[in-house]
Amino acid sequence: MYLAIRRATDEDTDNVLKVTKESFSLYQEELHVSYEVKALKETIESTLTDIRENAVFVVERFGELVGAIRIKKLSDELWYIYRFGVSPKISNTGLGSALLDAAINFARENGAKALALHTNAKYYRLARYYYGKQFFVHSTTFDRGYVRALFVLELEPDAGVDLSPAFLQ
C-alpha cells in the first residue's frame with residue numbers, strides 16, 4: 001500500500017476541506033445532533049489560512065488524500081489539535097492514528113509539553129480512542145449547547161502547563 005504522511009500545501013486545500021466535511025458529516029450523523037458543527041461551515045479560505053498559518057498534516061493512500069489533522073501553537077508549551085478527520089473509507093485502518101502521531105511528534109519537536117483538543121463527550125467511540133492514545137478529560141463545558149470535553153495529552157507529566165489558552169478554542 002502506498003502511504004504518505006506530510007504537511008499540507010496550498011494545492012491540498014480543496015481535498016483537506018473535502019475530507020474534513022466528509023468526516024464531520026459522519027460525526028454529526030452518528031451523534032444525531034441538532035447543533036451546528038462548525039467544521040461543516042468551513043470554507044476554502046479558512047482551510048487555506050490554516051494550511052498557511054498553522055500545521056496541517058495529511059495522509060495519502062495510493063495518491064488520494066484520505067485524512068487531515070490541524071494543530072496550532074497556543075503557547076510555548078501548549079499545542080491544540082483540531083479538525084482531525086479521516087475518510088470513512090479508511091477508518092479503523094490505523095492511518096488516522098499515524099496522522100495523529102505525526103501531529104504529536106511535530107508539536108513535541110517544537111517544544112510542546114502538552115496537547116489539547118475538544119470533542120463531544122457523548123461521542124463514546126471517539127472518547128475511547130483518545131483515552132487509548134493517553135489523553136485524559138481535563139474538563140467539560142456546555143457553552144456550545146452540548147457537553148464539550150477538553151482532552152489533554154501530557155508529553156511531560158507534571159510540567160504544570162497552563163491550559164487556559166485551550167479553553168478559548
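**Exercise 1. Find the residue in strand 7 that is the bridge partner of N120, then describe how strand 7 is placed.**

Solution. 

Step 1. N120 has R148 as its bridge partner in strand 7. Strands here, like helices, are DSSP runs numbered from the N terminus (E, at least two residues, for strands; H or I, at least four, for helices). The model is predicted, so local features need pLDDT of at least 70 and side-chain atom pairs count only at pLDDT 80 or more, while totals for chains, interfaces and linings use all residues. Residues are numbered from 1 along each chain as its sequence is written, and side-chain values use heavy atoms, with hydrogens and water left out.

Step 2. Strand 5 and strand 7 run antiparallel and are joined by 7 bridges. Two strands count as paired if DSSP finds at least two bridges between them.

Step 3. Strand 7 also pairs with strand 6, in the antiparallel sense and over 5 bridges. In this pairing T141 stands opposite R148.

Step 4. Strand 6 and strand 7 form a hairpin with 6 residues between them. G145, in the turn, has a positive phi of about 90°.

Step 5. Of the 7 residues of strand 7 (residues 148–154), 6 are buried, so the strand is largely enclosed by the rest of the structure. Buried means under 20% relative accessible area, exposed means over 50%, and partly exposed lies in between (1.4 Å probe, protein chains only).

**Exercise 2. State the order of the strands in the open sheet and say which strands stand at its edges.**

Solution. 

Step 1. The open sheet has 7 strands in the order 1-2-3-4-5-7-6, and its pairing is mixed.

Step 2. The edges are taken by strand 1 (3–7) and strand 6 (136–141); each has a single partner strand, so one side of each is left without a neighbour in the sheet.

Step 3. From one strand to the next, the twist averages 25°.

Step 4. Strand 4 (residues 78–86) pairs with strand 5 (residues 114–120) in the parallel sense over 3 bridges. Y80 stands opposite A116 in strand 5.

**Exercise 3. Trace the pairings of strand 2 with strand 1 and with strand 3.**

Solution. 

Step 1. Strand 1 and strand 2 are antiparallel and pair over 5 bridges. V58 in strand 2 is the bridge partner of R6.

Step 2. Strand 2 and strand 3 are also paired in the antiparallel sense, over 7 bridges. Here V58 has A68 in strand 3 as its bridge partner.

Step 3. The hairpin formed by strand 2 and strand 3 has 2 residues between the strands, and F62 in the turn has a positive phi of about 55°.

**Exercise 4. Is R70 buried or exposed, and which side chains make polar contacts with the side chain of R70?**

Solution. 

Step 1. R70 is found in strand 3.

Step 2. R70 is buried, with a relative accessible area of 0%.

Step 3. A polar contact is a pair of N or O atoms within 3.5 Å; within protein, one must be able to donate a hydrogen and the other to accept it, and residues adjacent in sequence count only if both atoms are side-chain atoms. The side chain of R70 makes one with the side chain of T20 at 3.2 Å. Another, of 2.7 Å, joins the side chains of R70 and E42.

Step 4. Leaving aside neighbours within four places in sequence, the residues in contact with R70 (heavy atoms within 4.5 Å) include V16, D50, Y80 and R83.

**Exercise 5. Locate A103 and name the residues it touches, not counting those up to four places away in sequence.**

Solution. 

Step 1. A103 is found in helix 3 (residues 95–109). A103 is buried, at a relative accessible area of 0%.

Step 2. A103 touches F57, I69 and I71, not counting residues up to four places away in sequence.

Step 3. Y123 lies 20 residues from A103 in sequence and 22 Å from A103 in space, C-alpha to C-alpha.

**Exercise 6. Count the helices and strands of the chain and give the share of its residues that are buried.**

Solution. 

Step 1. The chain has 5 helices and 7 strands.

Step 2. Of its 169 residues, 46% count as buried.

Definitions and conventions:
Axes are lines fitted to C-alpha atoms, for helices over the stretch in contact, and angles run from 0 to 180 degrees between N-to-C directions.
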